[in-house]
Amino acid sequence: MEAESTYYQLSNGKKMPKIGLGTYRMDQMEPILKGITEAGFRHIDTAARYDNEELVGEAISKAIKSGKVKREDLFIATKLWHTDYGNPEKALRESLSKLNLDYVDLYMIHWPAMFFSDTKIPLHKLWPALESLVDKGLVKSLGISNFNVQLLSDLLLYALHKPVCNQIELHPYCSQSELLKFMKDQGIVPVAYCPLGRPTSEEAENISDVKKDNRIKEIAEKHGKSVYQVILRWGIERGCGVIPKSTNVDHQKLDLEVLDFKLDPDEIGYLSSLEPQEQRICCKLKDFNEYDLFA
């Protein structure tokens with residue numbers, strides 16, 4: 001089989017590694033450092049809201065100092081929290097200071113909402129402020145996260161620097177097929193968080209665990225892969241970036257070993273059919289009524 005590219009070509013000509021290391025709730029530097037220097041991750045995803053940008057920055061600095069990686073080899077993504085909409089440049093400069101970087105490769109609006117914030121900034125005013133960060137060389141690409149079709153349609157009407165990706169919850173129990181089709185039509189790369197559909201321990205009693213599906217186990221055995229590798233491969237087969245999270249370097253290495261096999265069309269179809277209803281891990285649908293969205 002011809003070697004598969006490890007990158008997606010973004011609409012602005014930049015490249016983004018297909019597989020990234022998610023750092024949500026990571027509170028130790030060492031797993032991030034090993035993820036870069038030992039496992040081989042080049043796409044690192046964090047956010048101001050995660051309160052770990054300093055750890056990520058320390059890991060990046062140590063990885064570069066080790067000589068195993070150069071800054072230009074890394075794709076670093078962070079996010080703007082809604083309480084900082086009033087001054088996104090200040091927020092970004094604070095993130096850059098914590099990350100010990102001159103620029104980030106991707107800067108995203110974390111949520112299309114203004115909950116818990118007294119600053120009400122409409123999207124058509126916020127986006128030009130973010131575009132200025134690209135013009136100043138602080139950001140290579142702009143993205144969004146948790147945007148639906150309606151909000152994306154609005155943004156695309158006036159964006160000069162169009163969003164290159166939309167980071168959303170994507171896994172077999174939350175496949176969001178209509179949203180993916182719209183994004184692909186617009187040249188926006190979907191990036192999957194919670195790509196394994198793996199519930200946390202406190203959620204496990206109320207959320208189905210996809211790894212227990214017998215058919216996926218059979219698919220994994222057929223390809224000589226783990227169930228989780230099959231699920232990540234399904235995301236990539238759909239044209240998505242995936243950002244699994246693991247603090248175990250052996251598991252991190254396995255997460256990166258999903259570009260050397262392909263799923264059969266019927267296997268992709270099966271995983272895509274597993275969504276009887278929107279089963280969200282990060283944010284339940286009922287919660288959206290409580291949010292003060294842009295729209």
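Modeller: The model is predicted. I begin with a charge over a ring: Lys18 sits over the face of Tyr8, 5.1 Å from the centre of that ring. A second case is Lys140, which is placed over the face of Tyr103 at 4.7 Å from the ring centre.

Next come pairs of rings. Searching the whole structure gives one aromatic pair. Its members are Tyr24 and Tyr50, with ring centres 5.2 Å apart and planes at 55°. Planes over 60 degrees apart would count as edge-to-face and planes under 30 degrees as stacked, so this pair is tilted.

Both partners come from loops. Tyr24 belongs to the loop between β3 (20–22) and α1 (30–39), while Tyr50 belongs to the loop between β4 (43–45) and α2 (53–65). The pair therefore ties together parts that are 26 residues apart in sequence.

Tyr24 has 44% relative accessibility and so counts as partly exposed. Tyr50, at 16% relative accessibility, counts as buried, because the cut-off for buried is under 20%.

As for the setting, the chain has 10 helices and 10 strands. It comprises 295 residues, of which 53% count as buried. Among its contacts between residues at least 6 apart in sequence, 74% join residues at least 24 apart.

Terms used
Residues are numbered from 1 along each chain as its sequence is written. This is a predicted model: local features need pLDDT of at least 70, side-chain atom pairs count only at pLDDT 80 or more; totals for chains, interfaces and linings use all residues. Side-chain values use heavy atoms; hydrogens and water are left out. Rings of Phe, Tyr and Trp (its six-membered ring) pair if their centres lie within 6.5 Å; planes under 30 degrees apart count as stacked, over 60 as edge-to-face and the rest as tilted. Helices (H or I, at least four residues) and strands (E, at least two) are DSSP runs, numbered from the N terminus. Buried means under 20% relative accessible area, exposed over 50%, partly exposed in between (1.4 Å probe, protein chains only). A charge sits over a ring if NZ of Lys or CZ of Arg is within 6 Å of the ring centre and within 35 degrees of the ring normal. Contact means heavy atoms within 4.5 Å.
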